[in-house]
Amino acid sequence: MDHFLYRDGELYAEDVSIADIAAEVGTPFYCYSTATLERHFRLFDEALDGTPHMVCYAMKAASNQAILKTLANLGAGMDVVSGGEYARARAAGVPGEKIVFSGVGKTRDEMRLALEGGIRQFNVESEPEMEELSAVAQELGVVAPITVRVNPDVDAKTHAKIATGKSENKFGIPISRAKEVYAHAATLPGLKVVGIDVHIGSQLTDLEPFRLAYRKVADLTEALRAEGHDIIRLDLGGGLGIPYTRSNDAPPLPVEYGQMIKEELGHLGCEIEIEPGRLVAGNAGILVSKVIYVKSGEGRDFLILDGAMNDLIRPAMYEAHHDIVAVDEPEAGIEQQPYDIVGPVCESGDTFAKERMMPPLKAGDLVAFRSAGAYGAVMASEYNTRPLVPEVLVHEHQFAVIRARPTFDEMINRDTIPEWL
Ligand SMILES: *Cc1c(COP(=O)(O)O)cnc(C)c1O
């Protein structure tokens, strides 16, 4: 469910007309709904009611300061995967003790930043990383709380580029080696083991892979406790999928996911952490773009938009589907026609959809890519020296630009010409 609905024949975000934002901000732009962000965060938080837990928003999905602040105000923790994200979370007012640090290649500088600034835990992914972290913590005279990310070797049944829990993936340590690795961790003076971490992939549309992975984590918890490790926290990762089309079967709801977690892990008495990203932000954002030209090709019409692959790369990178809707509500029963919907970038990959059935559109019309709130703006670039796409946040009848479109001069002035030129 989201808060982008037609009202009086045009698309609104909450109580604000998308066309009004476009008139003020220009296109393309991302638009987020506060109400949807809050609703999705609360669904997860409530799904774990009755169990000690922390929902750590995976901020790589959408990391604008205003989005982080919106979620932090509801008590969200953050899952960060870089020093930059750690700094962003802190800048948005998230205390260190609510931040977990994930990622397969943390550097010494990143470790130091988080240890000095405060951290809830590091999710460690390898033995070399464990040794490095212990050394950095010792230098600083502190002890780093850790979980070890285990790779449970389950098939998440999702797109290959976002599956992370099979043994061939680079993530975590094989669960079969967990006892050895935990024994190693226990010998390192700069570390304190607090739990186990697992994250098997993204855009999962079935609970079964999660259940299989969590069962393995439950068994491992008992095995590690028997060896004397103090397992008090289980970080279960993110990955619950969202409906990208209206027609598809809907993925499981957070409440069903929470119920399954309680069933599989409730008896262990651990504090549960989850790291949803996509489900919090995905349907809370749209990308609004304008038709520049309608071009008739051989046997097909192209809708050439002012948004491009540099603004939203998911179709090019993951063959992802986004529903695309006209901002002016089509008249009921109007005949649709197929369009290839493309951007202006000089790559054939700059194609959002082929033979997509749309109402007749003309130059100047606005369209909205739905479900673009996660892995949209954060993956945008300035390829073709197209200004980084701005972001807008709506709250009831108000809206604010939360990241402005850079001017050409701002883009150009980031470069410097060496003296010898
Ligand atoms: C990407 C990621 C997440 C979030 O995944 P979603 O599919 O967006 O929920 C959570 N944890 C880790 C470790 C990740 O890498």
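Eleven residues of domain 1 are in contact with eight residues of domain 2. The structure described here is a predicted model. The domain assignment of the protein gives domain 1 as 4-31 + 282-412 and domain 2 as 103-274. The centres of domain 1 and domain 2, taken over C-alpha atoms, are separated by 36 Å.

**Nonpolar cores**

The largest nonpolar core holds 102 residues, and within it Y57, F122 and Y257 touch the most other members. Helix 8 (residues 208-226) gives the most to this core, contributing seven residues. Both domain 1 (4-31 + 282-412) and domain 2 (103-274) give residues to the core, so it lies between them. With residues up to four places away in sequence not counted, Y257 touches F44, L207, F210, Y214, L236, G237, L240 and I274. Another core, of 18 residues, lies apart from this one; I21, V25, A368 and V394 are among its members.

Strand 11 (residues 191-197) is mostly covered, with six of its seven residues buried. Strand 11 pairs with strand 9 in the parallel sense over six bridges, and V193 in strand 11 stands opposite I146. Strand 11 is also joined to strand 12 (residues 233-235) by three bridges, and these two strands run parallel. Here I196 has L234, in strand 12, as its bridge partner. From strand 11 the chain crosses through helix 8 to strand 12, and this β-α-β crossover is right-handed.

S202 lies in the loop between strand 11 and helix 8. G238 lies in the loop between strand 12 and helix 9 (254-265). E129, in turn, is found in helix 6.

| Residue | Relative accessible area | Contacts |
|---|---|---|
| S202 | 10% | T158, I162, G239 and R278 |
| G238 | 4% | H199, G201, F210, E275 and P276 |
| E129 | 6% | G103, V104, K106, M111, N123 and V124 |

Why does S202 count as buried? Its relative accessibility is 10%, and a residue is buried when this value is under 20%. G238 is likewise buried, at 4%, as is E129, at 6%. The C-alpha atoms of G238 and A137 are separated by 27 Å, the two residues being 101 residues apart along the chain.

**Helix 5 and its surroundings**

Helix 5 comprises residues 108-117, and its buried residues are E110, M111, A114 and L115. Seen down the axis of helix 5, these buried residues fall within an arc of 125°, so they line one face of the helix. The exposed residues D109 and E116 are carried on the face turned away from the buried side of helix 5.

Which elements cover the buried residues of helix 5? The cover includes helix 4 (83-91), strand 7 (99-101), strand 8 (121-124), helix 6 (127-140) and strand 9 (144-151). Helix 6 contains E129, and M111, one of the buried residues of helix 5, is among the residues that E129 touches. Strand 9, also part of the cover, is the strand that pairs with strand 11 in the parallel sense. Helix 5 is followed by G118, whose phi is positive, near 105°.

A separate topic is the open sheet of three strands, which has the order 1-2-3 with antiparallel pairing. Strand 1 (4-7) and strand 3 (16-17) are the edge strands, each pairing on one side only. Strand 2 (residues 10-13) pairs with strand 3 in the antiparallel sense over two bridges. Within this pair, A13 stands opposite V16 in strand 3.

How values were computed: Residues are numbered from 1 along each chain as its sequence is written. This is a predicted model: local features need pLDDT of at least 70, side-chain atom pairs count only at pLDDT 80 or more; totals for chains, interfaces and linings use all residues. Side-chain values use heavy atoms; hydrogens and water are left out. Buried means under 20% relative accessible area, exposed over 50%, partly exposed in between (1.4 Å probe, protein chains only). Helices (H or I, at least four residues) and strands (E, at least two) are DSSP runs, numbered from the N terminus. The arc is that of the directions from the helix axis to the C-beta atoms. Contact means heavy atoms within 4.5 Å. A nonpolar core is a set of buried Ala, Val, Leu, Ile, Met, Phe, Trp, Tyr and Cys residues joined through side-chain atoms within 4.5 Å. Domain bounds come from an automatic or database domain assignment. Two strands pair if DSSP finds at least two bridges between them. A crossover is right-handed if, with the strands pointing away from the viewer, the path from the first strand over the helix to the second runs clockwise.
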